[in-house]
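Reader: I would like to learn how to read a few features from a model. Could you walk me through them?

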Amino acid sequence: QVQLVESGGGLVQAGGSLRLSCAASGSIIRINNMGWYRQAPGKQRELVATITTGGSTNYADSVKGRFTISRDNAKNTVYLQMNSLRPEDTAVYYCNAEVKRRVWEVFTLYWGQGTQVTTSS
C-alpha cells in the first residue's frame, strides 16, 4: 500500500507564508510526476502546481510568482512554498503522486488526505 501524508497547513494573515510538505511511503519503486491541487468550499478541485522527476514545473496562473513547488526524490517528498498568500488561496490542499509499486505494474495515481490552508484578510 502507498500513503501520502501532507503537513504544514494552518491559518495565516494575508501576505504571509506557509510551506506544505507531502511524504509518500509504502511499497514504492519509483515516483513519476507529483503535484498539488486545492479545493475551496463550493468549488471544484483545481491544479496548483506539478513537478516532474527531473524538476520541470507547471503552475496555475493564479499562483505564478507566489508559490514554488519542489521535491526531494531521495525522501519521496514534494513541497509547496506559498508566499504572499491571499484570502482567495483559502482551500484544502491535496498532494498527489504517480507511483509504481512493482516493476511490472503501471504508474498509479495516489492522493493525500488534504491539509487546510486559511488566509485571513
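This is a predicted model: local features need pLDDT of at least 70, side-chain atom pairs count only at pLDDT 80 or more; totals for chains, interfaces and linings use all residues.

## Salt bridges, a loop residue and the core

Reader: Which salt bridge has Asp89 as a partner, and how far apart are its N and O atoms?

Author: The side chain of Asp89 meets that of Arg38 in a salt bridge, at 3.0 Å from N to O. Asp89 lies in the loop between β8 (77-82) and β9 (91-100), while Arg38 belongs to strand β4, so the pair ties together parts that are 51 residues apart in sequence.

Reader: Which residues are linked with them in a network?

Author: Salt bridges link Arg38, Glu46, Arg66 and Asp89 in a network.

Reader: What about Asp61 and Lys64: how far apart are their closest N and O atoms?

Author: In the salt bridge between Asp61 and Lys64, the closest N and O atoms are 3.1 Å apart. Asp61 is exposed, because its relative accessible area is 64%, and over 50% counts as exposed. Lys64, with a relative accessible area of 48%, is partly exposed.

Reader: And how should I read Arg102 and Glu105?

Author: They form a salt bridge too, with 3.0 Å between the closest N and O atoms. Arg102 is partly exposed at a relative accessible area of 31%, and Glu105 is partly exposed at 25%.

Reader: Let's turn to a loop. Where is Ile28 placed?

Author: Ile28 sits in the loop between β3 (18-26) and β4 (30-39). Its relative accessibility is 21%, so Ile28 counts as partly exposed.

Reader: Which residues does Ile28 touch, leaving aside those up to four places away in sequence?

Author: Beyond that range, Ile28 touches Val2, Asn76, Val99 and Lys100.

Reader: How do I read the largest nonpolar core, and which residues have the most contacts inside it?

Author: The general idea is that nonpolar side chains tend to be buried together in soluble globular proteins. Here, the largest nonpolar core has 30 residues, and Trp36, Leu80, Met82 and Tyr93 have the most contacts inside it.

Reader: Which elements give two or more residues to this core?

Author: They are β1 (2-7), β3, β4, β5 (46-51), β7 (67-72), β8 and β9. The largest share, five residues, comes from β9.

Notes:
Residues are numbered from 1 along each chain as its sequence is written. Side-chain values use heavy atoms; hydrogens and water are left out. Helices (H or I, at least four residues) and strands (E, at least two) are DSSP runs, numbered from the N terminus. Buried means under 20% relative accessible area, exposed over 50%, partly exposed in between (1.4 Å probe, protein chains only). Contact means heavy atoms within 4.5 Å. A salt bridge is a side-chain nitrogen of Lys or Arg within 4 Å of a carboxyl oxygen of Asp or Glu. A nonpolar core is a set of buried Ala, Val, Leu, Ile, Met, Phe, Trp, Tyr and Cys residues joined through side-chain atoms within 4.5 Å.
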